[in-house]
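Hi,

Here's the structure I promised to pass on.

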Number of protein chains: 4
Amino acid sequence: MTEEFIVKKIGKKPVLKKPILIEGLPGVGNVARIVVDYLINKLQAKKFMEVYSYYFPNSVFLGEDHKIEMPKLEFYYYKSKKNHFIFVIGDVQPGDEYASYAFSQEILNIAKSFKVKEIVTLGGITSRVDIPKPIVFGAYTDKSYIKKLKKLGVRFDRKGSIIVIGAAGLLLGLGELKGMKGFALLAETTIEANKLGTHAAKEILKVLVNYFGLKIKTKEIDIELKEIKKIKPRIMKKRLIKKAPKPTYPLTYIG
Amino acid sequence: MTEEFIVKKIGKKPVLKKPILIEGLPGVGNVARIVVDYLINKLQAKKFMEVYSYYFPNSVFLGEDHKIEMPKLEFYYYKSKKNHFIFVIGDVQPGDEYASYAFSQEILNIAKSFKVKEIVTLGGITSRVDIPKPIVFGAYTDKSYIKKLKKLGVRFDRKGSIIVIGAAGLLLGLGELKGMKGFALLAETTIEANKLGTHAAKEILKVLVNYFGLKIKTKEIDIELKEIKKIKPRIMKKRLIKKAPKPTYPLTYIG
Amino acid sequence: MTEEFIVKKIGKKPVLKKPILIEGLPGVGNVARIVVDYLINKLQAKKFMEVYSYYFPNSVFLGEDHKIEMPKLEFYYYKSKKNHFIFVIGDVQPGDEYASYAFSQEILNIAKSFKVKEIVTLGGITSRVDIPKPIVFGAYTDKSYIKKLKKLGVRFDRKGSIIVIGAAGLLLGLGELKGMKGFALLAETTIEANKLGTHAAKEILKVLVNYFGLKIKTKEIDIELKEIKKIKPRIMKKRLIKKAPKPTYPLTYIG
Amino acid sequence: MTEEFIVKKIGKKPVLKKPILIEGLPGVGNVARIVVDYLINKLQAKKFMEVYSYYFPNSVFLGEDHKIEMPKLEFYYYKSKKNHFIFVIGDVQPGDEYASYAFSQEILNIAKSFKVKEIVTLGGITSRVDIPKPIVFGAYTDKSYIKKLKKLGVRFDRKGSIIVIGAAGLLLGLGELKGMKGFALLAETTIEANKLGTHAAKEILKVLVNYFGLKIKTKEIDIELKEIKKIKPRIMKKRLIKKAPKPTYPLTYIG
C-alpha cells in the first residue's frame, strides 16, 4: 500500500471470514497461474481488486480492438461451504530482489486487510524433461501441515538443498512475520520456454481440491487441462510473464 | 510532484477549460516529438512550465555560446475555438521501468492539476523499411473513440500482439486509473537511428488536424515536414533522445 | 529501522552494559562467520533478535523437512565477567553499494539502541594460496587500540593500499560518525570458492580470546576448527553467502 | 540533506558573506580536483564540513597505520579581501544518473544554507594527446559572465555539440533553479588513466586567479604543479576516483 502500488477496487468490498490466500503468479512452467486460473474459472470466483505497480513492465498490451491493458495483479474471492478464499493472479512478478520483497509485502498487506490467516503458494520445480505424473513436494512455515498433506501424497523429502525464488517463497516467509501460516505445493515441470506446466498443475490441483474439499471432479481436471494446453496457449501467452523470477530449483551445487 | 521532479513555472498559470493533453516524447523515429514540435511551432503554443528530473541523464548540453541547458520536459498550451490543449514535449524519457512509471505519473499529476480529462499519445511502430504512406493504428482506453477515428482512416486491426512501451502507453493506462480517457495514434516508421519518422509523423498529424478541427492545411504539413527533414536535422538532433524506451513493436514471437 | 528492514525480537530484551558488537558476516573465506559462529556455539550465546530485509535475496531456503527459512541476520548476546557482547551473524550481506550502507546503518541503529560503544569487525584478505598460519592485520578508528593489539601479534604495516569492502569497513566508518570506536582484524586466506578460511579464522579467534580474556583454550580452537572443516561444510554451505561483497584486498595497482 | 547523506560538522560554523562555491570533484584527468586541491593548500583554506553518502563506494581505505577512512566530500572555506569562498573537494562522485542528481542537489542544499549565490565548476575535456597549453572553454548559466571571461582568454566557440556529465554540469543547471548563477571552466586534457591533467589544471588556475584576484603568482603555479606531477602522484592516487562520471567530451557523432 506504499506509493508504488496503485489499488483499483472493483465492486463492493467482499465480506470474507478468515479467507485463505492462494497465489497464482508467473513462474516455472506457469504452474501457479494455470492452477489458479483454472480455479477462478471453474469456481466462478469474483474479481474485487486490481493492483498496478511501478515495479511492473513499463508497457501496455493492446487487447481486443486495441484496447489498452496495463500489466496487473488481480484479486478474486470465492466462498465454499467450508472456506473463504482469495485468489491472487497476475501478469507479472518482479524479478529484482528489492521489488520482489516490496511486491510480496504489498500482497500481504492487502491480505491482512481481509484478515487472511493462511497462505498457500504454488510453483514448479525445474526438470529437464516433462514428467507425466510429477511428484508434489510440500514446504511449510508450520509443522502442523505435514501430516495432512502427506496423506494426500505430498512429499517432504526431496534430495539436495532447495531454494524457492520469488513470491512463492516470500509470501510464506514474510507472511509468517505477520502472524500468517501456510504451505507451498511445488511440482516438477519442464523449463522449456513455450511449454505450459500442465502436468504439474494437474497434480497440484488434485491436492488442493482434496485438501480443501472443493467440488471439482478429478476427471474434469484431466480433461480440461488438456484443453488448456491445446486451445488456450494463444490466450494464455498474451498474459504471460514479462519478468519471471528465476526458477525454483534444487541447488545441487550447494547441497 | 514527488521530490525527484523539479517544476519550474513560466509566466502566469494559464486558465484552461478541460484541456486535452497531447504527448510528444522521444521514441521510435521520434514521431511523437516531430508531431508535437510541429504543432507547437505552427499553432504558436505558449510555454508555461518546465520539469527537470533525477530520472533524466546527469548531463547538460551546451547550447548557443555555451549556455548550459539541462535535459527537461516542456509544457505548452494552445486554445483553439473548440478545444484547449496542453502539449508536453521532452528531450528524454526514462527507459528504466520504475522511472518510466514515476515519470508518467508526474505528467499525469500536472495534467490533473489543470483538469485534463482526455489524453492523446503518439508513437512509431518499428518497420524495417521506410513506408512513404504508413497506416495509422489506434489504441484506446474507451471504446467511444473507435467510430470517429475509423472515419479518419485509423485502423484497429493490426495482426499480432502489440505492446506499447514507455509513456505513450502508461499515460493512457495510468490516466485511466485517474479518471482520464484517451487514445494513442501509432504509425509504422523505420528504426534506423538517424532517420526521422517524418512519414509517420505526417500521417498522424493529418489525423490530429482532422480530429480536432485544427486550422492547419494538409498541404502545408507535406511541405513543411519535408523541410524539417532537410533543414532541421542538426537542430533536432541536439535535442534528441538520450534514453529512448524500447520501440513500440508487434511481438510476433508472442502472438 | 527503516521500512526495508523487518526486526523480529526473540524473548525478553536483554539488559546489556556497554556491549561490544562483534561482526560475523559472509565475506572472503567466510572468516568472520566462522569466527562468530564458533564463539556463539562455544560461549552459548543467546539469540535475541532476527532481521530480515528487502536488500536480501528474494528467495527462501527449505530446511529440515522443507521448513521455510528466509535469509536473515541474527543477533546474539553473551556476558563474560569482563564484558558484554553482541554477536551479529548473517546468511548474507548486500553487495550493492547503497544497500551495503543501508544495511550497515541498520545494524548500527540496533547496536545504538543497546548502547554499543565499541565495534569489532573481522575479515579475510585474499591470498592465492592457503597460508597455514596467516598474519592478522589490524585497522582502527582510534589509535588507542594499536598498542594492545600489537602486543597480541596484530600488525599494522601491510604493504600497498588496502581497501576493506562491505560491512566490515562501513560498520567502523559509519559507527565512528555515531560516536562508536572500534577495530578490524583481517587475516590472509584463500579465495577458492569452496574453501573455508579456517586458518585465518583460527588466528583471529586467538587474538579475540586473548584481547577480551574469553575462557576458551587455544588448543580447543585448533581441534574444533579442524572439525568444522571436516564435518560442517555441508551445514555451513547451506547458510552461505548469496551475495558476498567483493573481497578485502590490497590494491597493488593503485598504491 | 536527505537521509542518504551524513553531514559531519568540523569546528564552528564559519560566517561567510555570499560565498562563491568552487567545485573540485573527480573527473577527466582529475582537473577539478587538482585545481581545488592546489587552492586549498596554497590559500590554507579551512575545513568545516565532511559529507558521507550511501551513494559512495561501500568500502573504506586504510590510511597511515591502517586508520580507517570512508570515502567523503570535504568542504573548506577561504576569505580573500574581495570574496569569500567555499571549496568542495571529494574522493568520489557517483556515476549513476539518479545518484548524481541527488548528490549535486545535496551540495547545493549545503551551499544554500551558507547563502551561496555563485558557483564555479571545473572540468577536463578529453583529448587523445596531452596538450601543453590547452585552451580553456567556458560555459555559463548567465550571459553576464562571457565578457569578463573572454578578456581572460576563455573561449565560447568550441565546435561540435558539447555535453558536460556529472556534477560539473548539474551544479550549474540545478543551481540556476535555486536562484544561483555560475560558470564552468573546461580545458582539454588527456584521458589516459594514470595521467593527471596538470596542464589543463594550470590554465584553469590562471583564469581563476585572475578572475578573482587571488594572491597567487602565475610562476608559482607552473613550478608547483610540476612538483605535484612528480612528487604527489602516490598521495593523489590514494584519494582518487572510485567511480568517475563519464568524461566531458564533444559529441562529434551527434553534431
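This is a predicted model: local features need pLDDT of at least 70, side-chain atom pairs count only at pLDDT 80 or more; totals for chains, interfaces and linings use all residues.

Helix 4 of chain B (residues 167-177) lies across strand 2, strand 8 (118-127) and strand 11 (181-190) of that chain, and runs at about 150 degrees to strand 8 of chain B.

As for the sheet in chain B, eight strands make an open one, ordered 1-3-6-7-2-8-11-9 with mixed pairing. Its edges are strand 1 (5-9) and strand 9 (136-140) of chain B, each pairing on one side only. On average, neighbouring strands of this sheet are turned by 25 degrees against each other, ignoring direction. If you want one pair to zoom in on, strand 2 (residues 20-24) and strand 7 (residues 84-90) of chain B run parallel and are joined by five bridges. B:Gly24 has B:Ile89 of strand 7 as its bridge partner.

Over in chain D, the axes of helix 2 (residues 97-113) and helix 4 (residues 167-177) come within 9 Å and cross at roughly 60 degrees, which makes helix 2 of chain D oblique to helix 4 of chain D. The crossing of these two helices is right-handed. Residues making the contact include D:Tyr101, D:Phe103 and D:Leu108 from helix 2 of chain D, and D:Leu170 and D:Leu174 from helix 4 of chain D. By class, the contact has eight nonpolar, four polar and no charged residues.

Last, the chain copies. Chain C superposes on chain A by a rotation of 90 degrees with 0.0 Å of shift along the axis (RMSD 0.0 Å), so the relation is that of a four-fold axis. In chain C, C:Tyr98 comes closest to the rotation axis, at 8.6 Å (C-alpha).

Cheers

Methods. Residues are numbered from 1 along each chain as its sequence is written. Chains are lettered from A and ligands numbered from 1 in the order in which they are written. Side-chain values use heavy atoms; hydrogens and water are left out. Axes are lines fitted to C-alpha atoms, for helices over the stretch in contact, and angles run from 0 to 180 degrees between N-to-C directions. Helices (H or I, at least four residues) and strands (E, at least two) are DSSP runs, numbered from the N terminus. Angles under 35 degrees count as roughly parallel, over 145 as roughly antiparallel, 65 to 115 as roughly perpendicular and the rest as oblique. A crossing is left-handed if the near helix is turned anticlockwise from the far one by less than a right angle, and right-handed if clockwise. Contact means heavy atoms within 4.5 Å. Ala, Val, Leu, Ile, Met, Phe, Trp, Tyr, Cys and Pro count as nonpolar, Asp, Glu, Lys and Arg as charged, and the others, Gly among them, as polar. Copies are superposed by least squares on the C-alpha atoms of residues with pLDDT of at least 70 in both. Two strands pair if DSSP finds at least two bridges between them.
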